Amino acid sequence: MRKICAWCNRPLSTASEKDERQHQVTHGICVRCAQSLLARYPASLGSFLDRPPAPVLVIEPEPRVFTANEAARLLLGKELPAIEGRGGAGT
Ligand SMILES: [Zn+2]
């Protein structure tokens, strides 16, 4: 599955030849577009992420959780210290 930025359509990772032949595409946001988008908002990242009613997790490339909005914290039943920096396997 190819991963591309939904804003600029640039690849989010180096795709192998096998990946290039696949027609499935998933979207995310690249660092450049994320910085440009967040620069337009004077509010902090936390208050920006709390605007949508849906749970939002910001995932770093490692992958691990950078932060989570209020809806995600409610869904998981955890506060930020128990979520931030955790890997996909709960590590
Ligand atoms: Zn982009």
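**Stop 1: the loop after the opening strand**

Select Asn9, found in the loop between strand E1 (2-5) and helix H1 (17-21). Helices (H or I, at least four residues) and strands (E, at least two) are DSSP runs, numbered from the N terminus. This is a predicted model, in which local features need pLDDT of at least 70 and side-chain atom pairs count only at pLDDT 80 or more, while totals for chains, interfaces and linings use all residues. Residues are numbered from 1 along each chain as its sequence is written, and side-chain values use heavy atoms, with hydrogens and water left out.

Check the backbone of Asn9. Its phi is near 65 degrees, a positive value in a residue other than glycine. Asn9 is exposed, with a relative accessible area of 51%. The classes are buried (under 20% relative accessible area), exposed (over 50%) and partly exposed (in between), with a 1.4 Å probe and protein chains only.

Now pick Leu12, in the loop between E1 and H1. Leu12 is partly exposed, at 35% relative accessible area.

**Stop 2: the zinc ion**

Which atoms are the protein donors of the zinc ion? Select Cys5 (SG), Cys8 (SG), Cys30 (SG) and Cys33 (SG), which lie 2.3 to 2.4 Å from the ion. Donors are N, O and S atoms within 2.8 Å of the metal (3.2 Å for Na, K and Ca); water is not among the atoms, so sites may look incomplete.

Along the chain, the donors follow the spacing C-x2-C-x21-C-x2-C. The site is tetrahedral, with angles of 102 to 115 degrees among its four donor atoms. Four donors count as tetrahedral if all angles lie between 85 and 135 degrees. The ideal angle for four tetrahedral donors is 109.5 degrees. Colour by accessibility here: both Cys30 and Cys33 are buried.

**Stop 3**

Show strand E3 (residues 57-60) and strand E4 (residues 64-68). They run antiparallel, joined by four bridges. Two strands pair if DSSP finds at least two bridges between them. The hairpin joins E3 to E4 through three residues.

Pro61 sits in the loop between E3 and E4. Pro61 is exposed, with a relative accessible area of 78%. Select Ser13 as well: it is 48 residues from Pro61 in sequence, and 9.8 Å away in space, C-alpha to C-alpha.

**Stop 4: the largest pocket**

Turn on a surface. The largest pocket has a volume of about 910 Å³. Of its 24 lining residues, the closest to its centre are Ile29, Cys30, Ala34, Val58 and Ile59. On a 1 Å grid over the protein atoms alone, a pocket is an open set of points where a 1.4 Å probe fits, with protein on both sides within 12 Å along at least five of seven lines; lining residues have an atom within 4 Å of a point.

Strand E2 (25-28), helix H2 (31-39), helix H3 (45-49) and E3 each supply at least two lining residues. H2 gives the most, with five.

**Last stop: the whole chain**

Zoom out to a cartoon. There are five helices and four strands. Along the sequence they follow the pattern β-α-β-α-α-β-β-α-α. Of the 91 residues, 18% count as buried.

Notes:
Tetrahedral: all angles 85-135°; square planar, octahedral: opposite > 155°, others 65-115°. Points joined across faces, edges and corners; volume = space filled by probe spheres on them.
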